[in-house]
Amino acid sequence: MSASAWPRRIFLLLPMAFVTLFLILPLAFTLVVSFWKRAMLSMQPAFVLTNYADFLTGTRLAVLWRSFLVSIEATAIGLLIAYPIAYFLARKARPAATRIVLLLFTVPFLVNYIIRTFAWTYLLGRTGPINALIMALGLSRSPVDWLLFSQFAVLIGMVSSYMPFMIFPLWMSIAGVDQRLIETSWMLGAPPPRTFLRVTLPLSLPGVFAAVIFSFVGCFGESAVPIILGGVGYQLIGNEITSTLDVLNYPLAAAMSSVVTVAMLALLMLWYVAFDLRSFLGKILSWRPSA
């Protein structure tokens, strides 16, 4: 091996070591603990399936199902909002305007996540501006109670939290579609709606699937939004795991976390198998800003 090859190998080994130390090993330890037994306030090494049986039966299974449905709903709503925005930025807006808008979408992340979520309690509250607008328009004579501490509020919190994450992969994928393919479709007589359905949308599916993963994974493991916006008794799998940790039932919490992690890994593997990553990133990697 030449001397010049060693630095390249070292730079490759550094991220691999980081991922192994701070991601793979903790996940592996969580999986191991999920088979242990709870012993009073501690846990005892063993190999039992009791924790998985407790998780997949009773009320916890209902919480898992509710989390799945809410995550799908929030992801679908976010996709309906994010795709038109990304399409406009990729196909209609000037490059300078696109850079500014994409930068603005990162601004909310400069504010603490909990503070952003708590802001919705004021906006959706009985004395908040949304209720005031509803009464001013004559849509209701009294404040609307279901805006806050409801599944509606949880959906609003999740969409506002994770929809910006969807913009970027969608924009990258749509911008990566070869403009010559779209122009060829027009030359062959296809109207713009058909060109979008037959050319742009299919070729942007890798970005769509990536956006869905980003949103669904975040929503499925969400713990703060259900507590702040869902109200007392509203449980999703994220705060169910937190509640289990609060009573020091670490093996059960590890089993719940393992099931969620396996589901997320299955989604990632599906994306990896279904799509060619080069078709998703190829053109963007060579993109250069222009005036």
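**The largest pocket**

Guide: This is a predicted model. The lining of the largest pocket consists of V19, L23, I24, L27, A28, T30, L31, S257, S258, T261, V262 and L265. Two elements each give two or more residues to that lining: α1, residues 5-33, and α13, residues 250-274. Helix α1 supplies the largest share, with seven residues.

Eight of its residues are nonpolar and four are polar. None is charged. The volume of the largest pocket is about 230 Å³. How is such a space found? Rolling a probe the size of a water molecule over the atoms shows where empty space is left.

Step back to the whole chain. The protein chain has 14 helices and two strands. Its C-alpha trace spans about 80 × 70 × 35 Å along the principal axes. The chain holds 291 residues, and buried residues make up 36% of them. Contacts tell another part of the story. Take those between residues at least 6 apart in sequence: 70% of them join residues at least 24 apart.

Next, follow helix α7, which runs over residues 151-175. This helix has 25 residues. From its first C-alpha to its last, α7 reaches 35 Å. That is close to the 36 Å expected at 1.5 Å a residue. Where does α7 have its kink? The kink lies at Y162 and is about 35°. The proline P164 follows shortly after Y162. Is α7 enclosed or open? It is largely enclosed by the rest of the structure, because 19 of its 25 residues are buried. Buried here means under 20% relative accessible area.

Finally, move to M135. This residue is found in helix α6, residues 129-136. Why is M135 called partly exposed? Its relative accessible area is 32%, and the partly exposed class lies between the under 20% of buried and the over 50% of exposed. Which residues does M135 touch, leaving aside its neighbours within four places in sequence? M135 is in contact with S140, R141, S142 and P143.

One last pair deserves a look. M135 and V33 are 102 residues apart along the chain. Their C-alpha atoms are separated by 53 Å.

Methods. Residues numbered from 1 in each chain as written. Predicted model: local features only at pLDDT ≥ 70, side-chain atom pairs only at ≥ 80, totals over all residues. Heavy atoms only, no water. 1 Å grid on protein atoms, 1.4 Å probe; cavity = no way out; pocket = protein on both sides within 12 Å on 5 of 7 lines; lining within 4 Å. Points joined across faces, edges and corners; volume = space filled by probe spheres on them. Helix = DSSP H or I, 4+ residues; strand = E, 2+ residues; numbered from the N terminus. Nonpolar A, V, L, I, M, F, W, Y, C, P; charged D, E, K, R; others polar. Buried < 20%, exposed > 50% of the residue type's maximum accessible area, 1.4 Å probe, protein only. Contact = heavy atoms within 4.5 Å. Expected span 1.5 Å × (residues − 1). Bend = angle between axes of the 7 residues up to and from the residue.
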